Protein chains: 2
Amino acid sequence: MTDIRYDVLGVGNAIVDVLASVDDAFIEKHELAKDAMLLIDEQRAEALYAAFPPGQEISGGSAANTLAGVASLGGRGAYIGKVAADQLGEVFAHDLRAAGVHYDTAPLKHGPATARCLIAVPPDARRAMNTFLGASTLMTEADIQEDLVKAATVIFLEGYLFDRDEAKAAFRRAAKLAKQHGRAVALTLSDVFCVERHRDSFRDLVKNHIDVLFANEAEIKSLYETEDFDAALKQARAEVKVAAVTRSEKGAVIVSGDQEARVPAEKVEKVVDTTGAGDLFAAGFLTGYSRGADLESCGRMGVIAAGEIISHMGARPHARLHELIETAGLRVPPAA
Amino acid sequence: MTDIRYDVLGVGNAIVDVLASVDDAFIEKHELAKDAMLLIDEQRAEALYAAFPPGQEISGGSAANTLAGVASLGGRGAYIGKVAADQLGEVFAHDLRAAGVHYDTAPLKHGPATARCLIAVPPDARRAMNTFLGASTLMTEADIQEDLVKAATVIFLEGYLFDRDEAKAAFRRAAKLAKQHGRAVALTLSDVFCVERHRDSFRDLVKNHIDVLFANEAEIKSLYETEDFDAALKQARAEVKVAAVTRSEKGAVIVSGDQEARVPAEKVEKVVDTTGAGDLFAAGFLTGYSRGADLESCGRMGVIAAGEIISHMGARPHARLHELIETAGLRVPPAA
């Protein structure tokens, strides 16, 4: 595998987050959903933004957050995702590159603006995400560069890509190229509503194309249409090489064949904003996994990275994650 | 004064801040100046942004920060400043309006982009600001709406406006209209480099047109070209109705005729980012002043607002400032 230049290549919706603190009355009045991502059209995005309190703009996007985390952990990352040729697109590209992630997807010239996610953060930190997909869904198969797929140990795909047909085609091409070049394919189910929207496609995809599956408890139960967590876990174990399931304050369970690791959650002094918790768990896990760390170490890196991200606003790391990992007595194995 | 609709009308450079945490080596390598604002051209802005770590975008601009503070304190505020008709301009307008500030300056259609300030925040929190003025300096006299000036108790001008001739003309018109309608005129000297660039103009302006002067210790010493703080204070006392001078951790000194108030600084658990400390001191002070509070109460509101802003990244308040004021046993007097 001498042509490997990246540990993880992420493919996802390139989005700039607009974060604002709100009270519960705001969540109720605007019918937002805590712990969830709702898709909104341009009209709704404008109306909601007009009602939004003063905010801060921070680059986001689920898989992009994961890759920023991989880089912060000392991993080598690349990303494919579509922004528009506008100011927020420049901000997105700047932040990802400045984080140390390779990013050169061509920006969209004539079309919708860079995607925005309006994130309302209530006092209990359980954010309500509202995404206007804009340019992000106009990623096409042509944007999936074969040389990048070939150069990465793991290709990481976000379930949100399934929300539009064009991006879905790009998604399928990425998975196909990965198989072709013998690369591992990881998928996050993204969101319980996302699973509900695409359950059949996901079931097929997971069974036939995915090596590493990320989900939280609600998502994996929804995928397998069961209320029994252990039953869902058992089914995932039978279908994928590795399933890493997060359970909020109960930590994470990782299963792989007859192996299983249970990792407690990090203690966080004050949970400020849960945006990005799953993304950063995947960052920690995949950084370890792509370098051949054992399941438990991968899981511990995941919960440490997730613990950092929920301690502040926004889904991109503030701390140098590799330092947190080292303080915890862990290390990312050297690249082969 | 039945036609008063606003306590404070701010006029300033409309800017979106890009904040990023850096180390001292970054400050040194890029020759940035802590505690100061440097003007940079588009080329330098691009080069510096390319070198910048991942950041967050938050609406800023000195007088706009002050007005956001006035609104958070329960005061009635309006603002005049120029953005471009672009994404960051929309963000700026949204945030100010969402903060409760009246803002309807027409955005610039064909010309430079919305102004950006690249703010590097080192571990000691003494931020280095680097401003590309863009559209903000293309505010003209026509943007100074007479009805807004007439409707406000105090017109608050930032010294930074003096950095370009077009904006300076707008500045002079605002001061002239204020006099005409019997409104008070307040000025902040903004920055010690700004004072050095415009000392003669400022001296003339302060002496002949300013009622309330805001400065920090370095700025007022530079204005009067003396190393003796008391001498500078004495001269200000002779020239303006009120001078409110901030001295970082030593608090503030306010002089007015034969009155004087000294207010200790707020205790802040951890100073994270000093951006906006002066702006928010002015917010607290002016909210009290425009409602007829005594000098000491005005000063105390100022240090409380400044204390909140330096406890987090960015120069717009996170907390509801009127609640902090009330907790401290203060109140904003009712509008007349």
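Student: How many bridges join strand E12 to strand E13 of chain A?
Tutor: 4 bridges join E12 (residues 242-246) to E13 (residues 252-256) in chain A. The two run antiparallel. Strands here are DSSP E runs of at least two residues, and helices are H or I runs of at least four, numbered from the N terminus. Two strands pair if DSSP finds at least two bridges between them.

Student: Where do the numbering and the model come from?
Tutor: Residues count from 1 along each chain as its sequence is written, while chains are lettered from A and ligands numbered from 1 in written order. The model is predicted: local features need pLDDT of at least 70, side-chain atom pairs count only at pLDDT 80 or more, and totals for chains, interfaces and linings use all residues.

Student: What is the bridge partner of Val245(A) in E13(A)?
Tutor: Val253(A).

Student: And the strand order of the open sheet?
Tutor: E6-E5-E1-E9-E10-E11-E12-E13-E14 in chain A, 9 strands with mixed pairing.

Student: Why is one side of E6 and of E14 left without a neighbour?
Tutor: Strands E6 (102-103) and E14 (259-263) of chain A stand at the edges, each with a single partner strand, so one side of each has no neighbour in the sheet.

Student: New topic. How many residues does each chain put into the contact?
Tutor: Chain B gives 20 and chain A gives 19. Contact means C-beta atoms, placed from the backbone, within 7 Å.

Student: What supplies the largest share on the chain B side?
Tutor: H4(B), with 6 residues.

Student: Which strands bridge the chains?
Tutor: E4 (residues 56-59) of chain A and E4(B), antiparallel, through 3 bridges. Ile58(A) has Gln56(B) as its bridge partner there.

Definitions and conventions: Contact = placed C-beta atoms within 7 Å.
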